[in-house]
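Me: Could you take a close look at one helix for me and tell me how it sits among its neighbours?

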Amino acid sequence: MTALELRHVSKTYGEGAAEVHALRDVSLTVEPGALVAIMGPSGSGKSTMLTIAGSLEDASSGDVLVAGQALATLSRNERARLRRRSIGFVFQNFNLLAGLTAAENVALPLELDGIPARVARKSAMKVLEELGLGDRAARFPDELSGGERQRVAIARAVVGERRLLLADEPSGALDSVNAEGVMRLVRATCQGGVAGVVVTHDAQLASWADRVVFLRDGRISDQTAPLPGPESLLTQGHSQ
Amino acid sequence: MSVPHALLALLSEGPKYGLQLREEFEARTGEVWPLNVGQVYTTLQRLERDGLVEADGTGEDSQHKGFRITAAGDEELAAWLRTPPDLASPPRDELVIKVLVALRVPGVDVSDVLQVHRRYLVQLMQQWTRIKEDGAEDDLSLALAVDAELFRLDSVIRWLDSADSRIRRHPMTQVKDGAALPKLRRPTGARR
């Protein structure tokens, strides 16, 4: 079963002369375990694509399937449940709740889903430990460094049984070494079977993906070919 | 890559023989710069001729003949480390030339030309990133060497992105074929 499928998705804002086509006939399939990056200039529709894939916004036409379920066939409540259970979001500005500790932030989506607090907290601790943040669990966001905050945000996005990880410029304003740490985590999460979609204008982030899709004026204009083995680079005579 | 200076750097740690120098060179550069053994010997001969290294009297055959750095070699190495590479004169950049030419050829979709190069560069970056990902986490040389490639390729992609946006906004590129395009002047003093 594909983790995410967009079939001929279009999105239009406004009407008549003010009509803006944010997405035009976009089709994309992301399998479990794959990491796809969406690259494009500002206004190319990449963030719209992510919010539609995450059911935060409706498509004007076309179908969106998450973990095999067509979003259009779900009620509002069912969609909210799908978002809480199956989809993890990572945003540029981390969006952690300042009044909650790292562990409480991570446990929040599970608790909202009706899982008892004790069980949710245990799952949260497990993910935080996996991300090397076990000793930061009781800290509030303003007591953490930028890199730690983003790791907490990733922990929150992958806690529980998520199928799809959606990230919009996930390295935010982090320096390049911390940004690399974020992408290593995203990639490790995907290798664990989660499907990942990262929206970015940064080629260094995009280069962590298995496939890079280029968006332009709301359309998929191009995508990268499957990767050859790394040996091809090391035999090109870089000693010249 | 300056092979002579890399060999001087390795010899600054103590005497070494040819085969050992080649192995250490590749290990230190994260195996990103493969070096053939012939290159090592010819470079050592040149360094010896210039008085920057000398035979230490050990080893008979060429593979095991030992070398040590001389005082002049130490001075040369220290000076080289602090000499900035020539980044002042703009290189004759083939990609820049292709884009400038594409602008003037009727019927060419410049944005399509830009995308072909962008895709190629992103694919190269994916390959380098995979090498970094697969490398040992504590392999500092590999991470540094791969980062240098990634930043270099990234800067070319950024230029393509900015060219794309600039060309789209430029009034001259929005008129039909045959219209005059802006004259492209060579910056004064640039070496071409």
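Reply: Happy to! Let's start with the length of helix H5 of chain A: at 1.5 Å a residue its 13 residues should span 18 Å, and the end C-alpha atoms are 19 Å apart, which agrees. (The expected span is 1.5 Å times one less than the number of residues; helices are DSSP runs of H or I with at least four residues, strands are runs of E with at least two, and both are numbered from the N terminus.) This is a predicted model, where local features need pLDDT of at least 70, side-chain atom pairs count only at pLDDT 80 or more, and totals for chains, interfaces and linings use all residues. Residues are numbered from 1 along each chain as its sequence is written, with chains lettered from A and ligands numbered from 1 in the order in which they are written.

H5(A) covers residues 146-158 and is mostly covered, with 10 of its 13 residues buried, that is, having 20 or more other C-beta atoms, placed from the backbone, within 10 Å of their own. Among them are A:Arg149, A:Ile154 and A:Val158. The buried residues pack against strands E6 and E7 and helices H3, H4 and H6 of chain A, contact being C-beta atoms, placed from the backbone, within 7 Å.

Now for H6(A), residues 176-191: its axis comes within 10 Å of that of H5(A), crossing at roughly 15° (axes are lines fitted to C-alpha atoms, for helices over the stretch in contact, and angles run from 0 to 180 degrees between N-to-C directions). The two helices are therefore roughly parallel, the term for angles under 35 degrees. Residues meeting there include A:Gly146 and A:Ile154 from H5(A), and A:Gly181 and A:Leu185 from H6(A). Just after H5(A), A:Gly160 takes a positive phi of about 80°.

Methods. Angles under 35 degrees count as roughly parallel, over 145 as roughly antiparallel, 65 to 115 as roughly perpendicular and the rest as oblique. Two residues are in contact if their C-beta atoms, placed from the backbone, lie within 7 Å. A residue is buried if 20 or more other C-beta atoms lie within 10 Å of its own, exposed if 12 or fewer, and partly exposed in between; C-beta atoms are placed from the backbone.
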